[in-house]
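Follow the account below with the model open. It goes from a pair of helices to a strand and then to the nonpolar cores.

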Amino acid sequence: MRKKVTVVGGGFVGSTTAQRIVDKELADVVLTDILDGPPAGKGLDMLESGPITRTDSHAAGICTANGDYSATANSDVVVITAGFPRKPGMSRDDLLKANYDVVNCILVMVTNPLDAMAQAALKISKFPKNRVMGMAGVLDSARMSSFVAMECKVSVENVHSFVLGGHGDDMVPLPRYSTVAGIPLPDLLPKERIDAIVERTRKGGAEIVNLLKTGSAYYAPSAAAVEMVEAILKDKKKILPCCAYLEGEYGIKGLFVGVPVKLGAKGVEEIIQIKLTPEENAALQKSAHSVKELVTVLGL
């Protein structure tokens, strides 16, 4: 029997996530939305692309405005993308109250503000902590890798970047742990160029929002979510930077913060603790404090 993934939210991020899962033949997909018609149309459109893309994964879309989620039963993974998109000049944190009510029983959270939404998801779903996580570090690291590849004029396949912390302006890109063909980034680029890459990484989402004028990024976010889904469905034991619930790791307790984790069939199977310099640790603690402020607003 094929695996099954439910994607909640039929907007750009959700529908692109569903399409990537179908195209990679990772699982059958159910795309849900409160709108009547568009999710079913998108699901049927994906299904009809199967003979061309040579995938037997089944896609279907349903309207859940009536509260009927029966079509999503027995899902192996649930990806939550539903929410109000950012607008120019709007921070991820501004989405806090708007998107709080969207959170339901989930496994992989994509809705912003990511870290606070994951915290709400843990409380509302009552899932064990290993089965609730957020997609952030994979996306932020991919953005940093893109900028590094552009700066060094090398293949993105040579670049591995590492971004920790909350999914916001206080995220913590780690040049020391970022490499090009195994060579640490500080050995390849001067500090001022690295600082520029770090700053652009932190503002990566806003840069796209400002260019699009309406809406926000969805190609890279969907690709990041699917990398996590694939690691879970295939039990890859893949180490990725993800938003995970910490209970003392890195000196942070009771919060969802981006850290390196091992992803497998059980979800977050291990939190990897790496050595940080005092400056890096201070930046991570600052990022965690920003997450704590958002969580406090929700009373979680």
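Helices α5 (residues 137–152) and α6 (residues 191–202) cross in a right-handed sense, the near helix being turned clockwise from the far one by less than a right angle. Their axes come within 9 Å and cross at roughly 145 degrees; axes are lines fitted to C-alpha atoms over the stretch in contact, with angles from 0 to 180 degrees between N-to-C directions. Helices (H or I, at least four residues) and strands (E, at least two) are DSSP runs, numbered from the N terminus. This is a predicted model, in which local features need pLDDT of at least 70, side-chain atom pairs count only at pLDDT 80 or more, and totals for chains, interfaces and linings use all residues. Residues are numbered from 1 along each chain as its sequence is written, and side-chain values use heavy atoms, without hydrogens and water.

Strand β4 (residues 77–80) has both faces covered: Val77 and Val79 on one side, Val78 and Ile80 on the other, are all buried (under 20% relative accessible area, 1.4 Å probe, protein chains only). β4 pairs with strand β1 (residues 4–8) in the parallel sense over four bridges, pairing requiring at least two DSSP bridges. Valine 5 has valine 77 as its bridge partner in β4.

Val5 and Val77 are also among the residues that touch the most other members of the largest nonpolar core, which has 53 residues; such a core is a set of buried Ala, Val, Leu, Ile, Met, Phe, Trp, Tyr and Cys residues joined through side-chain atoms within 4.5 Å. Helix α8 (residues 219–233) supplies the largest share of this core, eight residues.

Methods. Buried means under 20% relative accessible area, exposed over 50%, partly exposed in between (1.4 Å probe, protein chains only).
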